[in-house]
Amino acid sequence: MFKNSRLQENRTSRDILLNMVIAAISLFVNGFGVYLTIQANIGAGPWDVLNLGLSKTFGILYGTASVAVSYAILGIDIALKEPIGIAMFIDAFVVGKAVDLFNKINLVPKCDSLATGIPVMILGLIIMAYTQYTYMSASLGCGPRDTLLVALAKRAGKIPIGAVSITLLSLATFIGWLLGGPVGIGTLICAFATGPIMQAAFTSVKFDAKSVHHQHLFDSVKVFSTHKAA
């Protein structure tokens, strides 16, 4: 298990580089989890409904659509003056392109029934949950979508963050569905099971996401500029 106290510091360029590698590897494996939820073929998760809808409408790769959406959301995060970390840029690129790679090599065939699709989807969500832990442990920023959710929740007054999350996911799903993205029981599983599965994963490794202090991009640049080395 990673030592959170060490990873939260990122005091030297070596620490940051190590944690960038940890984040990149975690996100690549996270992409495999996303790939499994798509290959389950019972309806994709809300954001993937949007990505797949864009892919179908514009004739582009899933990863290209995912990267475009991720960087668009990252731009909104920046406009809303939310804290931005190096790993957020890695997240925006690696996950989508990892899915493209797994699609290209056809690693797992699409499921043809609920009996096989549901277990594959649950496995994908479990992989995503544990890789979210290792990614967040790098302390270099949360994902663009999570940051957007927090930003909107801050501005929503007394509206619970759960309600904000449901609204955001519903909007992504609706737009994706209009563009031809796959909506089904898997969409509901992703929408309502992702949170509990992630919480169970974090509990199993005794990880408290709220205790992680993510380093701002400017602070990371400052560390590199001073040429600190461990």
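## Aromatic pairs

Let's start with the rings: there are 7 aromatic pairs here, where rings of Phe, Tyr and Trp (its six-membered ring) pair if their centres lie within 6.5 Å. One of them is Y35 with F102, which is tilted, with 5.7 Å centre to centre and 40° between the planes. For the labels, planes under 30 degrees apart count as stacked, over 60 as edge-to-face and the rest as tilted. Y35 sits in helix 2 (residues 13–39) and F102 in helix 5 (residues 86–105), so this pair ties together parts that are 67 residues apart in sequence. Helices here are DSSP runs (H or I, at least four residues), numbered from the N terminus.

Y35 and F102 are both buried, and buried means under 20% relative accessible area, using a 1.4 Å probe and protein chains only. Ring pairs also link F28, F32, Y35 and F102 into a cluster.

## About the model

This is a predicted model, so local features need pLDDT of at least 70 and side-chain atom pairs count only at pLDDT 80 or more, while totals for chains, interfaces and linings use all residues. Residues are numbered from 1 along each chain as its sequence is written, and side-chain values use heavy atoms, with hydrogens and water left out.

## Helix 4 and what covers it

Helix 4 (residues 62–79) has 18 residues and reaches 26 Å from its first C-alpha to its last, close to the 26 Å expected at 1.5 Å a residue. That expected span is 1.5 Å times one less than the number of residues.

Which residues of helix 4 are buried? They are Y62, G63, A65, S66, V67, V69, S70, I73, L74 and D77. Their cover includes helix 2, helix 3 (46–58), helix 5 and helix 7 (144–154).

Now for helix 7: its axis and that of helix 4 come within 9 Å and cross at roughly 35°. Axes are lines fitted to C-alpha atoms, for helices over the stretch in contact, and angles run from 0 to 180 degrees between N-to-C directions. In helix 4, S66, V69, S70, I73, L74, I76 and D77 meet P144, R145, T147 and L148 of helix 7, with contact meaning heavy atoms within 4.5 Å.

## A buried glycine

G176 lies in helix 8 (residues 161–178). This glycine is buried, with a relative accessible area of 0%. Leaving aside neighbours within four places in sequence, G176 is in contact with V49, L50, G53 and G181.

How values were computed. Helices (H or I, at least four residues) and strands (E, at least two) are DSSP runs, numbered from the N terminus. Buried means under 20% relative accessible area, exposed over 50%, partly exposed in between (1.4 Å probe, protein chains only).
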